[in-house]
Amino acid sequence: MPAKPESETPEGSAPPADEKGPPVEETAASAARRATLGAPGAGTASTFPEGGAPAETVTPLIRGIAVLRELTEASGTLSLSGLERATGLARSTVDRITATLARMGYVRFDGRDVHLSPRLMDLGNAYLSALRLPALLSPHADALADELDESVSLAVADRDGIRFIHQATRRRAMSLSFRIGDLLPAERTAPGPLFATEWTATDWQRWRDRRAADPRDLSFTAVPPRTRGADGGHDEDFARRTAQASENGWALDDQLIEPGLVAISVPVRSPGPDGRIASVASVVSHTSRHTARTLRTTLLPRLRSAVAAMERELHAAPHLAPGPPPSDLALWTGASKQRLGRAFIESLARGLTVLTAFGEGRPELTLTEVARATGLARATARRALITYEHLGLVTTTGRVFTLTPRVLSLGFPPLSRTSLPEIAQPHLADLTSRIHESTSVAVLSASGEEIQYTARVATTRVMSVNITVGTRLPAPATALGRVLLADAPETVRGAQDLRSFTPRTITDKRTWEHLLTSVRSQGYALVDEELEEGLRSIAVPVRDRSGRVVAALNTAMHASRRTARECVTDLLPELTATAARIQTDLHTASRFTHVPLT
């Protein structure tokens, strides 16, 4: 558990001498970030950004962002001591920051380890929904990936880098490993030269400064570092490729990131007279399938056709009315402070809620609108926005604030690869600790005749249900299967083999159909010694964002431990509450990403 917290440092003030912590050993990436990002807002945000921050920035918020970024760079998991070393913060400060983030549902503890939680994706979702491009363009990208049987990505510019906002990948032994939110150096990609065609002299100088400070690209952890340092020839090559991209209207990556990886890109332009690049669509392949030449001759025409459809989509997209903003966030943070005391850093929590003020129909907000959406005082919202502008997470045009792609650096890349079993596992552990029974999640097999266990937490008993992840059982005779089949198409239900396993197994077709109707209406299934004598189980559904049942959650026990009635009165409320928590995380994670069910 975190160490006993100390009093909170006043917002905006420098940390006291005893909070600077012991000297730490930096990773190569952290050192590169420090070297590259000494100036506020340059390149990727620094892990150690407090020096040189404007006087009105919120120091706890800066430190909280640093913790989230280090967790992101560590693929979502670090020990508390690892966070202390990576950020250079005192252990007491790390403990209080992570306790606050855990209260918000953004991280969870597993012993001394800190894990990013799917709810943190609310921040990246706020940016992506405000941007609208993934919602409008991803169906076209997915269709192109299916047509070509190649990976297709959408990227936006992030200063002198490119950041992915959508990935339609192919499942192969050798497949694309980039994730939504990953940041790549512009000069080592196909989209980079296209974005660079719109760079100003200031942008080019920023890029040269970054190349000089980080010649091996160590601050870009999504790509292999360069084997050599800065090379004037490479820089001249990027300028040449940019000029060619401006002339051709497309750009090529011929193994710039790593040997064998090739890509071709075409810009997707915004509606309006200036026609600036809104995004870049890319087809990515391997030299075992395509050479740079065949990318141009075979795939480029179909990519251009898909991009034309994307641009028509942007032109036809109606203006969206603002969606509902988050509610009662200021009240919630105040209540959390009262409950947790000094362990809860209210200024950090309030600062993070500011990002969620943006969203669908709310891409640009004034200070007054941010304060109104979050319930925060104008002064509090203003200081948070100043902090975010310093960190490069927000940009301003006049009196209007907009989120930048850098918001995706707050946990989105590792969380975008989360599966349903990974989402469910910590919730199952909590449920098992409360009810003292083994709990599981299962999905329907492709045939619809079996269930497959995908996540499980066993309780410690002399006599317990012996099931492991991957186990398959006949769907009709299990509580999990009946919950899943109750929502399945009629053709799947009608094809079930109602075999008898015990004298109590229901095998009559009409009785079984009535039973599924009852399961569908009451929201749970109870199976009493139908699969195995002495085995009693109760299950509830887990639904996706559309309301479709995609998995089921259950607990099973020996019939002597609880009566059927006690299963309904004692266990069903716990199962239902846990399923709701799993669904909340699933809905958050799947808003702009595909969440595998197994």
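Predicted model: local features only at pLDDT ≥ 70, side-chain atom pairs only at ≥ 80, totals over all residues.

Tutor: Six strands make up an open sheet, ordered E15-E14-E13-E18-E17-E16, and their pairing is antiparallel.

Student: Which strands stand at the edges of this sheet?

Tutor: Strand E15 (472-474) and strand E16 (525-528) do; each has a single partner strand, so one side of each lacks a neighbour in the sheet. From one strand to the next, the twist averages 30°.

Student: How many bridges join E13 to E14, and how many join E13 to E18?

Tutor: E13 and E14 pair in the antiparallel sense over six bridges. E13 and E18 also run antiparallel, joined by four bridges. Val441 illustrates both pairings: its bridge partner in E14 is Ala455, and Leu553 stands opposite Val441 in E18.

Student: Is E13 mostly covered or mostly open?

Tutor: Mostly covered, with five of its six residues buried.

Student: What lies between the strands in the hairpin of E13 and E14?

Tutor: Five residues lie between those strands, and Gly448 in this hairpin takes a positive phi near 80°.

Student: And the other end of the sheet, how does E16 pair?

Tutor: E16 pairs with strand E17 (residues 535-543) in the antiparallel sense, over four bridges. Within that pairing, Ala525 has Ala539 in E17 as its bridge partner.

Student: Which helices pack on this sheet?

Tutor: Among them are H16 and H17. H16 lies across E13, E14 and E18, at about 65° to E14. Helix H17 (residues 479-486) touches E13, E14, E16, E17 and E18, and its direction makes about 155° with that of E18.

Student: Where does H16 bend?

Tutor: At Pro426, by about 25°. Pro426 is also one of the buried residues of H16, which include Leu420, Ile423, Ala424, His427, Leu428 and Leu431.

Student: What covers the buried residues of H16?

Tutor: The cover includes strand E2 (107-110), strand E13 (439-444), strand E14 (450-457), strand E18 (549-558) and helix H20 (564-589).

Student: What follows H16?

Tutor: His436, whose phi is positive, near 60°.

Student: You mentioned E2. Which sheet is it in?

Tutor: E2 belongs to an open sheet of three strands, in the order E1-E3-E2, with antiparallel pairing. Strand E1 (77-79) and E2 are at its edges, each with a single partner strand, so one side of each has no neighbour in the sheet. Neighbouring strands here are turned by 25° against each other on average, direction ignored.

Student: How is E2 joined to E3?

Tutor: Four bridges join E2 to strand E3 (residues 113-116), and the two run antiparallel. Arg108 has His115 in E3 as its bridge partner. Helix H4 (residues 91-103) packs on this sheet, touching E2 and E3, with its direction at about 115° to that of E2.

Student: Changing topic, how many aromatic pairs are there?

Tutor: A search of the whole structure finds seven. One of them is the tilted pair of Trp207 and Phe238, 5.1 Å centre to centre with 45° between the planes.

Key
Residues numbered from 1 in each chain as written. Heavy atoms only, no water. Bend = angle between axes of the 7 residues up to and from the residue. Buried < 20%, exposed > 50% of the residue type's maximum accessible area, 1.4 Å probe, protein only. Contact = heavy atoms within 4.5 Å. Phe/Tyr/Trp six-rings, centres within 6.5 Å; stacked < 30°, edge-to-face > 60°. Pairing = 2+ DSSP bridges. Axes fitted to C-alpha atoms, helices over the stretch in contact; angles between N-to-C directions.
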